[in-house]
Amino acid sequence: MEKKKVTIPQLKELKQQGKRFKMVTAYDYLLASVIDKSPIELILVGDSLGMVVLGYDSTVSVTMDDMLHHIKPVVKGAPNTLIIGDMPFGSYNVSINEAIVNANRIMKEGGADCVKLEGGAVMVETVRAIVNAGIPVMGHIGLTPQTVSQLGGFKVQGKDADAALKLLHDAQKLEEAGAFSIVMECVPAPVTKLVTENLSIPIIGIGAGPHCDGQVLVTQDMLGMFDRFVPKFVKQYGNLNGIIMEALQKYATEVDSGEFPGPEHSFAMKEEVLKKLY
Ligand code: KIV
């Protein structure tokens, strides 16, 4: 049976029913079309694109053009999966008007179903304005990679009581502003539990423990493809780099030895035509 795209209201119902859901990232048509055939309900075209695909050192330099270029093929490849388009740094921190313009671009030009942006209570007016413009917004709190310089590095957030209560406050403010869901990144599991239990919208965790309504991983991390560094919270469900390297080595050896291409991968010619050539 073909997978049916989950709707935003259904995500809240899943939370109410205590059913967990899954999100992974994708940045191209091919991977999106594989994910579309899997039981994963949501695809995030994340600005992790910058680090995983474009080779940048952080997500800060990712542009709207980068995002749109990658959201479009994912939307094409995964018609039965809810697609979240990430708003890159600089696309929503200049003014609320600019934030609405860029969120509109992600929906209209990119074709995403909704947008995601980073930040807690400080982003409330921006989130409210985008939601009022008719665009569903997913929040993102805890470790927010776009503001990693302000945070002093890629560190676990919410470790003391004040910081944990601030995260709860941030999440509550985002819910009040109309966010339909929130990603919590790199937060101690008991803090995510507190937030998940106190909010009626679903919380999606990454490095945030088991008590969330949903989980998200960067696909290239979980498939063992991105190996510049492997965060503690990543579980590698495959070793695609190993498989790819093995195939490349075999191909190289067979080309060097002349074993590839064999007759089954080559095109023949009629004898009488051949006679005219040799
Ligand atoms: O950009 C991204 O991939 C993300 C996830 C890590 C949640 O924001």
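Among the elements of this predicted model, α8 contributes the most to the lining of the second largest pocket, with 4 residues, where helices (H or I, at least four residues) and strands (E, at least two) are DSSP runs numbered from the N terminus. A pocket is here an open set of points on a 1 Å grid over the protein atoms alone, at which a 1.4 Å probe fits, with protein on both sides within 12 Å along at least five of seven lines, and lining residues have an atom within 4 Å of a point. The second largest pocket is lined by 24 residues, with G119, G120, T144, T147 and L151 lying nearest its centre. Two or more lining residues come from each of β5 (137–142), α7 (148–151) and α8 (161–177). The volume of this pocket, taken as the space filled by probe spheres set on grid points joined across faces, edges and corners, is about 530 Å³. Its lining divides into 9 nonpolar, 12 polar and 3 charged residues, with Ala, Val, Leu, Ile, Met, Phe, Trp, Tyr, Cys and Pro counted as nonpolar, Asp, Glu, Lys and Arg as charged, and the others, Gly among them, as polar.

Residues are numbered from 1 along each chain as its sequence is written, and side-chain values use heavy atoms, with hydrogens and water left out. Local features need pLDDT of at least 70 and side-chain atom pairs count only at pLDDT 80 or more, whereas totals for chains, interfaces and linings use all residues.

The largest pocket has a volume of about 650 Å³ and is lined by 33 residues, of which P145, E185, I206, P231 and F233 lie nearest its centre. At least two lining residues are supplied by each of β1 (21–25), α3 (49–52), β6 (181–185) and β8 (214–217), and the lining comprises 20 nonpolar, 6 polar and 7 charged residues.

Among polar contacts (pairs of N or O atoms within 3.5 Å), a ligand oxygen lies 2.5 Å from a side-chain N or O atom of S48, while the corresponding distances are 3.3 Å for D86 and 3.0 Å for K116. Taken alone the ligand exposes 260 Å², of which the protein buries 96%, by the Shrake-Rupley method with a 1.4 Å probe.

Two backbone features lie in loops. The F260 to P261 peptide bond is cis, with omega near -5°, and P261 is placed between α11 (240–257) and α12 (271–277). C186, in the loop between β6 and α9 (189–198), has a positive phi of about 55° although it is not a glycine.

Conventions:
Polar contact = N/O pair within 3.5 Å; in protein donor to acceptor, adjacent residues only side chain to side chain.
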